[in-house]
Amino acid sequence: MLIIDSPSTNAYFNIASEEYLLGRFPTEDIFLLYVNAPSIIVGKFQNTLAEINLDYVQEKEIKVVRRMSGGGAVYHDLGNLNFSFHTLLGDHDFGDFSVFTQPVLRLLNRLGVPAALQGRNDLLVDGKKFSGNAKLAKNGKMIQHGTILLNSEMEVLGDALKANPLKFIDKATKSNRSRVTNLIHYLPEGTTTEQLKNLLTDEIIRNNPGAQRYELTPEDITGIENLMAEKYETWDWNFGFSPNYSFQKAIKVPAGFIEVHLDVVKGTIEKAKIFGDFFAPKPIEELEDLLIGHKHEEEELRSVLGSVDLTDYFGKVTVDVVMEVFK
């Protein structure tokens, strides 16, 4: 087994590294550890926009990254440790999460934390979740990865994942919001993610005598960065890959009431209807037609709205005001 401690706290880098390592080490077992700066990691089959508080995420400059595995959206920050096991697909039961959560539980139990695996893939203490786990199969290998909430900013976690469920109608996988807790309440005060990382690494080495540390080479880092640029930093992967959905939202503006309905396919608007009690000299159908074919993404829609005189459609409004109904 190779033990890899990521040198980066960039979520784009760390999520990309999981896919990169599948190709780099097609047969070796790997134990990867990483810590991300504030970021939201969404499951492969989720509608990103329906999982996040977009305004808050943009204001706080929180990265949003889609991972390869299914499951729900999670919040990462420097108080959260992430672990990832890579093994040959046929070596373990894909539906069994116990094997690769056992090292975490064994360590925590030895430290006096009454943690246990409950349900299919969650680790809980006193009925509250501190670790969610997910799996994927790709290129003949299996990855099981999970989070460990040590001292995460719970208020930010709650606000960042507080999406408005009334805006979206889709068949995407929805996150199950569980009661969560930080392990810092059960471990010695001042315990850091670095200390927890070292303890977990020692636990893995203790139970895998042949394990050896591996440091990413300059070539590895270049390969991961290339994959970041091609995939994990892109709007197409993080937002456009979302399942098809319908979006609707209404706002009250000085010129009247505006309600927008969008049908979005792979992130691109295919149908648009705008309703309201506004008065305007030009038919609203002209603006609806302009929206077709554009991404349901703020920068692109802002450009579309900025290319016309919105007072022709809504009366006295600004681009900033009208943008609120599209996000």
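What follows covers ring pairs first, then charges over rings.

This is a predicted model, so to speak: local features need pLDDT of at least 70, side-chain atom pairs count only at pLDDT 80 or more, and totals for chains, interfaces and linings use all residues. Residues are numbered from 1 along each chain as its sequence is written, and side-chain values use heavy atoms, with hydrogens and water left out.

Rings of Phe, Tyr and Trp (its six-membered ring) pair if their centres lie within 6.5 Å; planes under 30 degrees apart count as stacked, over 60 as edge-to-face and the rest as tilted. That rule gives seven aromatic pairs. One of them is edge-to-face: Phe 25 with Tyr 214, 5.1 Å centre to centre and 85° between the planes. Phe 25 is in the loop between α1 (11–24) and β2 (30–34), and Tyr 214 in the loop between β12 (212–213) and α7 (218–232), so the pair ties together parts 189 residues apart in sequence. Helices (H or I, at least four residues) and strands (E, at least two) are DSSP runs, numbered from the N terminus.

Trp 235 and Phe 239 are stacked, because their ring centres are 6.5 Å apart and their planes at 15°. Ring pairs also join Phe 31, Phe 83, Phe 85 and Phe 100 into a cluster.

Now for Lys 135. A charge sits over a ring if NZ of Lys or CZ of Arg is within 6 Å of the ring centre and within 35 degrees of the ring normal.

| Charge | Ring | Distance to ring centre |
|---|---|---|
| Lys 135 | Phe 94 | 5.6 Å |
| Lys 135 | Phe 97 | 4.9 Å |
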